[in-house]
Amino acid sequence: MNKCRGAKVPGCQGATVLLVLAVLAAPLPAFAQSAADSDRVMTVVRAALAPALPFPDTDETGSVPANGSPEPLWMVRVREPGERSIEVMANPLNEINQARAARAMAQIGAAIDVAQKRAELQYERAVAEAKRTGKSQDVDGVGLSDEGIAGARIDAEGHVTIDVDFNQSSYAVAVESSVAPAPSRQVTIAGAVAIVAVPSNIYRTRTAQRTDENYCPAETIVYFGALAVPDVRQRSENAYDITASAVAVEGGPAVRSMAVRFRGNEVLIADLLRKADWNAVLELVK
């Protein structure tokens, strides 16, 4: 029973006003994302990328081409039901990829040797200081971060991950980079709301003890449908937030908006964006 109906109850009018304001201030809801819609969207996106991905599927393990061929530079991991990602991977049987991996391993080995020597010197200083003061000190070991950027670079350049999302009230992405995300100058897609890109780059993180170099893989996000132009905001020295908000429209298709995010090998990303047939994707959001 509504005690406010037909009576002058103190606080009811204020509560009504607050309720109305809360409704007006609420963000746009995400539209329905059924399994059928998801499958349809991924089928269309995969078909759009087909002209740019003339590569074999992987075997069931996802580690080598199903046909066992060493010729293609790339292979496409078989997508699991319900997945909204497409992963293109370097073919480990290809001689060019093997040579790149060997060079990267040599660079990683050299970086580990430097880190090992640094850790040994730190340990010797810690032992000497403990003898002098009687106080123990923490000593850094050798970890994955000591591989340097070679490991991160070969990993990033050895694949492209394509993430697809749709019907969101907003699309938010966080990026760590020394270069600010910006509208792409290399690729245009007629009908897309925007294309935001980040080139591969190196950024540095600093602590009281050391400065580390980090690798930022190339990234491009393509926005379609009823969306405002993405907003890029710098959160810290090397951190950025990219947000694209949905725009309210009357009626419309089952897929109102979509964001397709590419991360990894910069050359392959550019090739995918240029060669893909985006017409079917545009039809989805009309």
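Phe-224, Phe-262 and Trp-278 are linked into a cluster by ring pairs. This is a predicted model, where local features need pLDDT of at least 70, side-chain atom pairs count only at pLDDT 80 or more, and totals for chains, interfaces and linings use all residues. Residues are numbered from 1 along each chain as its sequence is written, and side-chain values use heavy atoms, with hydrogens and water left out.

What counts as a pair? Rings of Phe, Tyr and Trp (its six-membered ring) pair if their centres lie within 6.5 Å. Planes under 30 degrees apart are stacked, over 60 edge-to-face, and the rest tilted.

By this rule, the count is two aromatic pairs. Take Phe-224 with Trp-278: a tilted pair, 5.5 Å centre to centre, with 40° between the planes. Phe-224 is in strand β9 (residues 218-225). Trp-278 is in the loop between α5 (266-275) and α6 (279-284). The two residues are 54 residues apart, so this pair links distant parts of the chain. Helices (H or I, at least four residues) and strands (E, at least two) are DSSP runs, numbered from the N terminus.

Now Phe-262 with Trp-278. That pair is edge-to-face, 6.4 Å centre to centre, 85° between the planes. Phe-262 lies in strand β12 (residues 257-264), so the pair ties together parts 16 residues apart in sequence.

Buried or exposed? Phe-224 is buried, at 0% relative accessible area. Phe-262 is buried, also 0%. Trp-278 is buried, at 5%. Buried means under 20% relative accessible area, exposed over 50%, partly exposed in between (1.4 Å probe, protein chains only).
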